[in-house]
Amino acid sequence: MAVNGYFQLVNIQGGFGVKCVPPKDGGDAIQINELMEYLGKRGITGDAAMIKKAVGADTVQTVMLGPGICPPEQESYKLEISEDSMTATVRFYPPSETGQRMNMEEFIKDLQYKKIVYGVNQELLKKHFRKGEYCKDLVVAEGKPPRHGTDAQIQYFFNTDTHAVPTLKADGSVDFFNLNTINHCKKGDLLAQIIPEDPGEYGRNVAGAQIKPRNVKRATLRFGKNVLQSEDRLTITSQVDGCVSLVDDQVFVSDLYEVENVDNSTGNIEFEGSVQVNGNVCSGFSVIAQGNVIVQGVVEGAYIRADGDIVITRGMNGMSKGRLEAGGNIIAKFLENSTANAAGYVSAESILHSKVMAGSEITVTGRRGFVTGGHVCAGHKISAKNLGASLGASTLVEVGVNPGLKAEYQALQEELLEIQKVIKKTQPILTNYAEKKAKGIQFTPEQVKYIRSLIVLTDNKRKELQEKSKKWNELQAAFEGQNDACVEVTGEAFPGTVIVIKDVSMSLRSSYQHCRFKRIGGDVKMIGL
């Protein structure tokens, strides 16, 4: 076992000195600074060069320090407490040849006087006072760190993933009848439960002070109508048969409003839950729902808005005036002469002469799988079998910028320009006022009131400029982060198609097949699938 080197005051012929004992079996050597500090605190001086030589020797060496009898120095120690008060470390120094050893009870009382009362290592101290371990760091007390707990969690018993996509049939067509995009529930179904937080346990430092674990977050179940909460507030269940959804961390259960057709017999429909139309939505009518909208037939030149998903089994011919707006996804057999905007993804078998915007992806698959004419834009990816047409229909395909964020970005940019115009207009007036005031020119009360209003207006506009500039920079950073945006073509991309990735465009002059378009460097490049 390794033994550190140590020093001791001893009697020698003609006076007293310091004995330097070298380390054994890989122990640490005597620290010259430590020895000199020990002697200095006791008013003892010696030849530093001789002492340094003795400390570095491989055998026991004694250096003369002075005449007379060796001072009766008791066993002593040096105490260090860590910054976080979690450990107390001691280095013991042996008594002089004429001094006495300290006993364990005396040492522990000394620790208590110095407020070291918790986590004292009794076994280690017993060993030291039995054998003596000097000039060695001994952790004589250790605190107990706190056990940090965990935040409460909410477990949902329904599908909260809003990116479920339709499956392909064996013949290549899309199965719009079994989308599984709606979470049906029965009365009494368990919808969600809280896994309670674990507060953790307090710790203690060597002074006995409590150390609080970090704060944990509690959870609260948020829900709308048709939901029953248990007495302990840890679970919620459905009170009705319907469909369940999670919107902004709030559970909603809505009854499904079902009609055959949306036409003169129903008028426009606005419903807090989900709407299912078993037939068609006729031109000129609107369907607005806080849940999902499902149309089993065709949508003509109508307006449909849903906070959730919009599913149109047989497709939509918008007649250049039909519009879809979804807080979730849009799934349709086809979109023709329509405008569609989804916060999530858009999936269809064909898109013809339409303006289609999606926050994440646009997928056009199936036997036809073409995007011809119009403008399609997605935040991340567009996948299609064919892009454009052999007759050269003007088709614009854009990825890399979330359409919603892009619109917000452009609107914010216009607002910033207007604010800057106001500041630029008021600044010369205020400067002129300040110059006249400095010359001692007097102003009428009406002029003073006007100038004060300009100062308030300018200050407010500058604050507004700072806030909106920060938001503008955040949006710009979000655009720059879309580096993996791409357009995939499993069939053919025809000449005349324009592909835009972020702020770089490429107009196809020839046909491309089975390829992917990505932004590489400052250009749009074509790579094979």
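Phenylalanine 7 is found in strand E1, residues 6-12. In this predicted model, phenylalanine 7 is buried, because its relative accessible area is 1% and the cut-off for buried is under 20%.

**Around phenylalanine 7**

- Phenylalanine 7 touches Val18, Lys19, Ile30, Glu34, Leu35, Tyr38, Tyr93, Pro94 and Cys135, leaving aside residues up to four places away in sequence.
- One of these partners, Leu35, also belongs to the contact of H1 with H2.
- Proline 67 is 60 residues away from phenylalanine 7 along the chain, and their C-alpha atoms are separated by 19 Å.

**Helices H1 and H2**

- Helix H1 covers residues 32-41, and helix H2 covers residues 48-55.
- They pack at an angle of about 130°, with their axes 10 Å apart.
- That angle makes H1 oblique to H2.
- The crossing of H1 and H2 is right-handed.
- H1 contributes Ile32, Leu35, Met36 and Leu39 to the contact.
- H2 contributes Ala48, Ile51, Lys52 and Val55.
- By class, the contact of H1 with H2 holds 7 nonpolar residues, no polar residues and 1 charged residue.

**Helices H3 and H4**

- Two packed helices are described by the angle between their axes and the distance between the axes.
- For helix H3 (residues 104-113) and helix H4 (residues 122-131), the angle is about 135° and the axes lie 10 Å apart.
- H3 and H4 are therefore oblique to each other.
- H3 crosses H4 in a right-handed sense.
- Met104, Phe107 and Ile108 of H3 meet Gln122, Leu125, Lys126 and Phe129 of H4.
- The residues of this contact divide into 5 nonpolar, 1 polar and 1 charged.
- H4 also lies across strands E5 and E6, running at about 145° to E6.

**The sheet E4-E5-E6**

- This open sheet has 3 strands in the order E4-E5-E6, and the pairing is antiparallel.
- E4 and strand E6 (137-142) stand at the edges with a single partner strand each, so one side of each has no neighbour in the sheet.
- On average, neighbouring strands of this sheet are turned by 30° against each other, direction ignored.
- Strand E4 (residues 76-81) and strand E5 (residues 87-93) run antiparallel and are joined by 6 bridges.
- Leucine 79 stands opposite valine 90 in E5.
- Isoleucine 81 faces alanine 88 of E5 across the pairing.
- In a regular strand the side chains alternate between the two faces of the sheet.

**The sheet E7-E11-E15-E14**

- This open sheet has 4 strands in the order E7-E11-E15-E14, with antiparallel pairing.
- Neighbouring strands here are turned by 20° against each other on average, direction ignored.
- E7 is joined to strand E11 (residues 190-195) by 4 bridges, and the two run antiparallel.
- Tyrosine 156 stands opposite alanine 192 in E11.

- Strand E16 (residues 242-247) and strand E17 (residues 250-254) run antiparallel, with 5 bridges between them.
- Leucine 246 stands opposite valine 251 in E17.
- The hairpin has 2 residues between the strands, and aspartate 248 takes a positive phi near 55°.

**Positive phi in loops**

- Most residues other than glycine have a negative phi.
- Aspartate 25 has a positive phi, near 50°.
- Aspartate 25 lies in the loop between strand E2 (15-21) and H1.
- Aspartate 25 is exposed, because its relative accessible area is 63% and the cut-off for exposed is over 50%.
- Serine 85 also has a positive phi, near 60°.
- Serine 85 sits in the loop between E4 and E5, a hairpin with 5 residues between the strands.
- Serine 85 is partly exposed, with a relative accessible area of 24%.

Conventions:
Residues are numbered from 1 along each chain as its sequence is written. This is a predicted model: local features need pLDDT of at least 70, side-chain atom pairs count only at pLDDT 80 or more; totals for chains, interfaces and linings use all residues. Side-chain values use heavy atoms; hydrogens and water are left out. Two strands pair if DSSP finds at least two bridges between them. Axes are lines fitted to C-alpha atoms, for helices over the stretch in contact, and angles run from 0 to 180 degrees between N-to-C directions. Angles under 35 degrees count as roughly parallel, over 145 as roughly antiparallel, 65 to 115 as roughly perpendicular and the rest as oblique. A crossing is left-handed if the near helix is turned anticlockwise from the far one by less than a right angle, and right-handed if clockwise. Contact means heavy atoms within 4.5 Å. Ala, Val, Leu, Ile, Met, Phe, Trp, Tyr, Cys and Pro count as nonpolar, Asp, Glu, Lys and Arg as charged, and the others, Gly among them, as polar. Buried means under 20% relative accessible area, exposed over 50%, partly exposed in between (1.4 Å probe, protein chains only).
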